[in-house]
Amino acid sequence: MPLSITPRRVFRRFTEVTPALLEEMGIRLLLCDLDNTLAPPKTRHPTEEVREWIAGLQAAGVGFAIVSNNRSSDRVEAYCRELGVPYFGHAGKPKPGGFRRAMALFGETPAHTAMLGDLWTTDFLGANLAGLTALAVEPVEGAPNAGHWILYQLHRPWMAAARRRQRHE
């Protein structure tokens, strides 16, 4: 279990994570955060862009689920229900339990699973602790509050390191 907050790859938007890229990385299951990864916080309904992106992943054989620490489970459950994707809420990230439950549903292993998120304290650290591939996305709508702004500022050096490594892959 590596204790690292550095993601393997950094993307400007979730749509840059393509089925071809995931296949190249050996990823068969993509776990994804919701707030500020796919949608602004408090968003109640998925956009057509999110629907099409997930449909494209699934058509290529990539499993997909939302893994979130969100406390507003009604909103996130409804969002996921509209998408027809599994939701693992109150996941307790960065602890590995939520990731493990999602992998068990799909019968997948950490070596073939990635986590896409926006926060180093939960998404990247949790993915690395669980042995998953940590993928970072820039926040969809910036910082929703002062606490997130501070977290985003603090993780800039690790995001920069991941971008440098990415350029040399």
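Predicted model: local features only at pLDDT ≥ 70, side-chain atom pairs only at ≥ 80, totals over all residues.
Visitor: What makes one face of α3 a buried face?

Guide: The buried residues of this helix, which spans residues 73-83, are S73, R75, V76, Y79, C80 and L83. Seen down the helix axis, these buried residues fall within an arc of 165°, so they line one face of α3. On the other side of the helix, D74 and R81 are exposed, and the elements that cover the buried residues include α2 (48-59), β3 (63-67) and β4 (87-88).

Visitor: Why is T113 called buried?

Guide: Buried means under 20% relative accessible area, and T113, with a value of 0%, is therefore buried. T113 lies in strand β5 (residues 113-117), and, with residues up to four places away in sequence not counted, it touches I27, L29, L31, M103, E108, L132 and T133.

Visitor: Which residues have the most contacts inside the largest nonpolar core?

Guide: That core has 29 residues, and those with the most contacts inside it are L30, L38, W53, F64, I66, L116 and L135. Among the elements that each supply at least two residues of this core are α2, α3 and β5, while a second, separate core of 23 residues includes I5, V10, V67 and M103.

Key. Residues numbered from 1 in each chain as written. Heavy atoms only, no water. Helix = DSSP H or I, 4+ residues; strand = E, 2+ residues; numbered from the N terminus. Buried < 20%, exposed > 50% of the residue type's maximum accessible area, 1.4 Å probe, protein only. Contact = heavy atoms within 4.5 Å. Arc of directions from axis to C-beta. Core = buried A, V, L, I, M, F, W, Y, C linked by side-chain atoms within 4.5 Å.
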